[in-house]
Amino acid sequence: MQDLWGKRFAALIIDFLIVILITWVFSGIVYPLLAVTNAFGILNYWLIVTAVIVMVYFTYFEGKLGTTPGKSVMKIEVVVDDGEMNYQKAFIRNISKILGIPLILDIIVDYIAGNSKLRYLDEVAGTDVKLKA
């Protein structure tokens, strides 16, 4: 179990580095448009834009492939308790990744409840993360 914790944490770091890169590229494209139109007030919305990028990134990769690039590097994948992985389950299990505090609370709530899964939203979505076979 400790090995899986470490792999999941490393995968999360890799995935968030990719999300930061995507956000950086997106801002590099949008910033010149803001400079030309003098619409710098929109910069207040970057937290929302980043949250959308996070949700699209994790939902797309996990819903379509059952893994993200970070999970793939760490040789772990998202599995479904019954049925097949889909975008809805991927979206539900990743809601807490929008901000750091909800993700921490997601882990703490599941630990306090004594569930076998690492995160509460994995319980809700009917998913789990396992080592690739």
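A residue is called buried when its relative accessible area is under 20%, exposed when it is over 50%, and partly exposed in between, with a 1.4 Å probe and protein chains only. The structure is a predicted model, in which local features need pLDDT of at least 70 and side-chain atom pairs count only at pLDDT 80 or more, while totals for chains, interfaces and linings use all residues. Residues are numbered from 1 along each chain as its sequence is written, and side-chain values use heavy atoms, with hydrogens and water left out.

The protein has six helices and two strands, where helices (H or I, at least four residues) and strands (E, at least two) are DSSP runs numbered from the N terminus. Read from the N terminus on, the order of these elements is α-α-α-β-α-α-α-β. The C-alpha trace spans about 55 × 30 × 25 Å along its principal axes. Taking contact to mean heavy atoms within 4.5 Å, residues 24 or more positions apart account for 66% of the contacts that have a separation of 6 or more.

Strand β1 pairs with strand β2 (residues 127-131) in the antiparallel sense over five bridges, pairing being assigned if DSSP finds at least two bridges between two strands. Within this arrangement, Val 79 has Asp 128 of β2 as its bridge partner. The covered face of β1 consists of Ile 76, Val 78 and Val 80, whereas Glu 77 and Val 79 form the uncovered one.

A nonpolar core is a set of buried Ala, Val, Leu, Ile, Met, Phe, Trp, Tyr and Cys residues joined through side-chain atoms within 4.5 Å, and the largest one here has nine residues: Leu 4, Ala 11, Met 74, Ile 76, Val 78, Val 80, Met 85, Ala 90 and Val 129. Both α1 (2-37) and β1 (76-80) supply at least two residues of this core, and the largest share, three residues, comes from β1. Apart from this core lies another, of seven residues, which include Val 19, Ile 53, Val 54 and Tyr 57. Returning to Val 78, and not counting residues up to four places away in sequence, its contacts are Glu 62, Gly 66, Lys 71, Met 85, Arg 93, Thr 127, Asp 128 and Val 129.

Two packed helices are described by the angle between their axes and the distance between the axes. Helix α2 (residues 46-65) packs on helix α4 (residues 87-94) at an angle of about 135 degrees, with the axes 8 Å apart, and α2 is therefore oblique to α4. The contact is made by Met 55, Phe 58, Thr 59, Tyr 60, Glu 62, Gly 63 and Lys 64 of α2, together with Tyr 87, Ala 90, Phe 91, Arg 93 and Asn 94 of α4. Phe 61 also has its place in helix α2, and it counts as partly exposed because its relative accessibility is 21%. Leaving aside neighbours within four places in sequence, Phe 61 is in contact with Gly 66, Thr 67, Thr 68 and Pro 69.

Two other residues deserve a look. Lys 75 lies in the loop between α3 (69-73) and β1, and at 55% relative accessibility it counts as exposed. Most residues other than glycine have a negative phi, but Lys 75, although not a glycine, has a positive phi of about 60 degrees. Val 36, in helix α1, likewise counts as exposed, at 72% relative accessibility. Val 36 and Phe 58 are 22 residues apart in sequence, and their C-alpha atoms are 33 Å apart in space.

Terms used. Axes fitted to C-alpha atoms, helices over the stretch in contact; angles between N-to-C directions. Parallel < 35°, antiparallel > 145°, perpendicular 65-115°, else oblique.
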